Amino acid sequence: MSSVFGKPRTGSGPPSMLPEVNLAILGRRGAGKSALTVKFLTKRFISEYDPNLEDTYSSEETVDHQPVLLRVMDTADPDTPRNCERYLNWAHAFLVVYSVDSRQSFEGSSSYLELLALHAKETQRGYPAVLLANKLDMAQYRQVSKAEGAALAGRFGCLFFEVSACLDFEHVQHVFHEAVREARRELEKSPLARPLFISEERALPHQAPLTARHGLASCTFNTLSTVSLKEMPTVAQAKLVTVKSSRAQSKRKAPTLTLLKGFKIF
Ligand SMILES: Nc1nc2c(ncn2[C@@H]2O[C@H](COP(=O)(O)OP(=O)(O)OP(=O)(O)O)[C@@H](O)[C@H]2O)c(=O)[nH]1
C-alpha cells in the first residue's frame, strides 16, 4: 500500500492515471529534509524523528489548475551523497536543501548540485533543481547569507528560496509546486523520458561509477557493481515513525494522535 498524502486515494482502486512527477529531496543530515517533506504533506512541523529512514510518499496536488500525482522521496544519505543512482534515475526534479545556520550543510548542497550537473552532462538531459535554504527562523544564527545562497543557485542555474519548515505552510508548498513546474517544463522538452529504478540484481553493463568517471570523491556507489535499471516500483510503504511535536517538548500532556499513515504525533 502506498503512503498517500494530500487528497486521499482509494486503496484498492486502479492505479492513478494522473500525470506523475517524482521529486527527490537531497541535502546533508539535519538540513531539514524530513521536516520540510512532512510540512508539505501534512502542514505540521515535526521536530524529531529517525534520521535513517528514507521513504517515498505521494500526494495528489493541483499545480496551475492541473492535477498531478507528486511522489516525494525524502532521502537519507549518511554524510555525503551515497548510492546516488537510486534517486538520480528516479526523480524528475530535485530539492537541494541546506540550513542557513550551517555552513557545512551549505557546502553539502554544493556537492549535490555538482553531482546533478555531472549527471545532466552525462545523460544529456536536464535535471531541474531548486536550491532551498531552510531554517529561516534561525536567521539570528546565520552562517550562510542569502547572497551566498543566491550566488550558488545562479552558478547552477536553479531557483533559490529561503524558507522555514516550522513557519508558514504556504511558502513551503510554493517551493514544492515550483519544483513540479520545473519538472513539467523539462518533461515537455523530453516527453519520452521515464524514470528508472535501481535494483540490486544484475551488473550494469559498460558503466563505470559516475565518481570514477568524474572524480567526485564525495559520492560513492556501493552497489553499482551489482545493480540493474528497472522500471520504477510502486511507492514505498511508510514505516511507523514516532515523533514528538513542540507541544510534547513543552511538557504539556496531549493525547497521542496517529497522523495519516506513518507519523505519530503527541
Ligand atoms: N528551527 C528549525 N528547526 C528545523 C527546521 N527544519 C528542521 N528543523 C530541525 O532540524 C533537525 C533536523 O531536521 P530533519 O528534518 O530531521 O533533517 P534531515 O535533513 O531530514 O536530516 P536527516 O533525517 O538526518 O537526513 C530536527 O531537529 C528538526 O526539528 C526549521 O525550519 N527550523
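Predicted model: local features only at pLDDT ≥ 70, side-chain atom pairs only at ≥ 80, totals over all residues.
Local features were considered at pLDDT of at least 70 and side-chain atom pairs at pLDDT 80 or more, whereas totals for chains, interfaces and linings use all residues. Residues are numbered from 1 along each chain as its sequence is written, and side-chain values use heavy atoms, with hydrogens and water left out.

The ligand is surrounded by 18 residues, of which Gly30, Ala35, Ser47, Asp137 and Ala165 are the closest (a residue is near if one of its heavy atoms lies within 4 Å of the molecule). This shell consists of seven nonpolar, six polar and five charged residues; Gly is counted as polar, and Asp, Glu, Lys and Arg as charged. Helix 1 (residues 33-42) supplies the largest share of the shell, three residues. Helices are DSSP runs of H or I with at least four residues, numbered from the N terminus.

Polar contacts are pairs of N or O atoms within 3.5 Å. A polar backbone atom of Gly30 is 2.8 Å from an oxygen atom of the ligand, and a polar backbone atom of Ala165 is likewise 2.8 Å from a ligand oxygen. For Ser34, a polar side-chain atom lies 2.9 Å from an oxygen atom of the ligand. The ligand taken alone exposes 650 Å², and the protein buries 83% of that (Shrake-Rupley method, 1.4 Å probe).

Ser110 is located in helix 3 (residues 103-123). With a relative accessible area of 16%, Ser110 is buried (under 20%, 1.4 Å probe, protein chains only). Beyond its neighbours within four places in sequence, Ser110 is in contact with Leu152, Arg155 and Phe156 (heavy atoms within 4.5 Å).

Conventions. Polar contact = N/O pair within 3.5 Å; in protein donor to acceptor, adjacent residues only side chain to side chain. Helix = DSSP H or I, 4+ residues; strand = E, 2+ residues; numbered from the N terminus. Buried < 20%, exposed > 50% of the residue type's maximum accessible area, 1.4 Å probe, protein only.
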